[in-house]
Structure formats: C-alpha cells, structure tokens
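I opened this notebook to record what I looked up about charged side-chain pairs and about pockets. The entries follow the order in which I looked.

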Amino acid sequence: MQDMLKKKGFICDMDGVIYHGDRLLPGVREFVNWLYREKKEFLFLTNNSSRTQRELQAKLSRMGLDIDEKHFYTSALATAEFVANQMPGARAFVIGEPGLLNALYERGITIDETNPDYVIVGESRSYTYDSICRAARCVQNGARLIGTNTDLTAPTELGAVPACRALVAPIELATGKEAYYVGKPNPLMMRTGINLLGVHSQDTVIIGDRMDTDIVAGIECGMDTVLVLSGVTSRATIGHFPYRPRLVLNGVGDIPAAAEAQAELTLLKHAAG
C-alpha cells in the first residue's frame with residue numbers, strides 16, 4: 001500500500017469504481033479529495049462509450065464532485081481516433097449513444113447506413129433486432145466490424161446488465177466475422193491514457209473492478225495494479241484468472257484511509273523520537 005500511495009499518476013475506471021448507475025460509491029469523495037490534496041495526476045478512463053466527457057463531468061457534478069473535463073477519457077474517443085487514423089473521412093453505421101456519435105463526428109467520420117466502411121458498436125439503449133440485421137448486412141457487404149470495448153456486462157444499481165461485447169456478439173455470429181475491440185485492455189487506449197496523464201507507466205497505478213480489462217491492461221502496460229471489489233469482481237472470482245493484481249481493496253475509500261493511517265503513524269514515530 002505504501003508503494004502505491006507514492007505513485008504520481010492514477011488511472012481509474014468509473015463504473016463499479018466511482019459509481020453504480022447514479023449512486024456514488026462509498027469513499028469516492030474522500031479519494032478524489034486525496035488526489036487533489038496530494039497533487040496527483042489522475043485520469044478517469046472508462047470503457048463505457050455512451051457519454052461524452054462533458055456528460056461524465058456533469059454526472060459527477062450532480063453527485064457533488066467538481067472535476068474538469070480533461071480528467072476523462074472514454075473508449076468512444078479511442079475508437080474515433082483509431083478509425084480516423086485508419087481511414088480519414090470514413091463512413092460508418094453506428095449503434096451507440098451520443099458519446100460515441102459525437103466522438104466520431106469530431107474526428108470527421110460520416111454516419112452512413114447504406115454503404116459504410118465500418119460498423120461501429122458501443123453501449124446502446126436503442127439496440128434492436130432491426131439494428132442487428134442492418135449491421136450484419138453491412139458487414140456481409142464488406143464493412144469492418146468495430147466494438148468500442150470488450151466488456152460483456154456493466155454494473156448498475158440493480159445488478160449487471162449486457163455491455164458492448166454482448167451487443168456485438170450476435171453480429172459476429174451472424175456474419176462469421178470477428179470484431180476489433182478498441183477499449184481496455186487494448187494498448188491503443190492505454191498508451192493514449194498514459195500520454196494524457198503525462199506520467200511514466202512505472203510511476204502510475206491503474207484502479208479497476210475488472211480482471212479481464214483493467215488489471216490485465218495494467219500488467220501489460222507496466223503499471224501498478226489495484227483491484228477494487230466494489231464492482232463486478234468478487235474475491236472468489238480472482239482465482240479464475242492466471243494473473244493477479246498487486247493489491248485488492250474493498251473500494252477506493254481504502255486509499256485515503258491508508259494514507260491517513262500512515263500519516264498518523266509517522267507523527268507518532270516523530271513524537272516518540
């Protein structure tokens with residue numbers, strides 16, 4: 001824990017780490033206050049593609065956290081960056097929310113439902129059988145299939161719900177084509193996150209609730225890894241994976257609590273000395 005507290009950069013997942021749905025998780029306010037107080041560089045890096053940076057900022061503001069837009073990066077932004085670099089001015093059939101549509105628009109990608117270069121799928125509340133059929137036809141006609149992230153489920157206040165990979169699966173099965181997934185643990189997204197943070201990976205910690213995205217991404221990118229049990233992973237399911245996080249915490253509130261305990265111990269040592 002002491003080694004982690006000394007890190008300069010913190011990359012944090014959001015769903016299951018900062019909130020469930022519209023409910024802020026215990027200890028988050030204290031954790032954010034600690035990040036600011038200790039002048040840490042931090043970035044909220046989420047695989048959820050549905051919201052824009054401004055919408056994420058507004059959501060946390062409603063929960064009582066005032067955080068600048070620059071501290072957010074999403075799989076929608078990473079996907080738009082990837083597609084724009086692969087094919088400038090590309091056309092895409094999109095299943096997703098405003099966060100994904102806006103990111104694509106900002107990078108010059110045109111929405112085209114008849115002859116697209118790409119089919120791009122993110123989280124969507126308007127996901128229908130018709131949209132699956134249209135997407136499958138586009139892929140069968142030669143469009144490349146892209147998923148914003150590999151998350152099968154997402155935590156909410158009412159339990160787990162299907163996420164991006166679960167929505168892409170029917171299109172993959174119907175066409176026999178595998179999607180390319182851009183979000184965590186893809187190094188494309190992780191390298192961008194580290195660059196935005198401005199801190200070397202060896203001096204950065206990633207905090208997440210998923211072994212298959214957050215923790216494996218941290219391990220592969222040379223970061224310190226912290227798993228929190230406030231999201232989709234339980235202590236019992238950690239053993240299902242062939243790799244381990246360095247630390248397992250109940251939630252991010254354990255971090256400022258540990259820092260406070262360490263400060264008190266240091267004061268006691270000085271007093272005794």
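**Entry 1: Salt bridges**

I found that Asp224 and Arg246 form a salt bridge, with their closest N and O atoms 2.6 Å apart. I counted as a salt bridge a side-chain nitrogen of Lys or Arg within 4 Å of a carboxyl oxygen of Asp or Glu. Asp224 belongs to strand S14 (residues 224–228) and Arg246 to the loop between S14 and strand S15 (247–249), so the pair ties together parts 22 residues apart in sequence. Helices (H or I, at least four residues) and strands (E, at least two) are DSSP runs numbered from the N terminus.

I noted that the model is predicted: local features need pLDDT of at least 70, side-chain atom pairs count only at pLDDT 80 or more, and totals for chains, interfaces and linings use all residues. Residues are numbered from 1 along each chain as its sequence is written, and side-chain values use heavy atoms, with hydrogens and water left out.

For accessibility I took buried as under 20% relative accessible area, exposed as over 50%, and partly exposed as in between (1.4 Å probe, protein chains only). Asp224 is buried at 8%, whereas Arg246 is partly exposed at 40%.

I then looked up Glu81 and Arg107, whose side chains meet in a salt bridge (3.1 Å, N to O). Glu81 lies in helix H4 (residues 75–86) and Arg107 in the loop between helix H5 (98–106) and strand S7 (110–111), so this pair ties together parts 26 residues apart in sequence. Glu81 is partly exposed at 34% relative accessibility, and Arg107 is partly exposed at 34%.

Arg134 and Asp130 also meet in a salt bridge (3.2 Å, N to O). They are 4 residues apart in helix H6 (residues 129–140), a separation of about one helical turn. Arg134 is partly exposed at 24%, as is Asp130 at 43%.

I also recorded a network of salt bridges linking Asp13, Lys184 and Asp214. The structure holds 14 salt bridges.

**Entry 2: The largest pocket**

Which residues lie nearest the centre of the largest pocket? I found Asn48, Ser50, Arg51, Arg125 and Thr156 there, in a lining of 21 residues. Helix H3 (53–62), strand S10 (153–156) and strand S11 (159–162) each give two or more residues to that lining. The largest share, 3 residues, comes from S10.

Note on methods. 1 Å grid on protein atoms, 1.4 Å probe; cavity = no way out; pocket = protein on both sides within 12 Å on 5 of 7 lines; lining within 4 Å.
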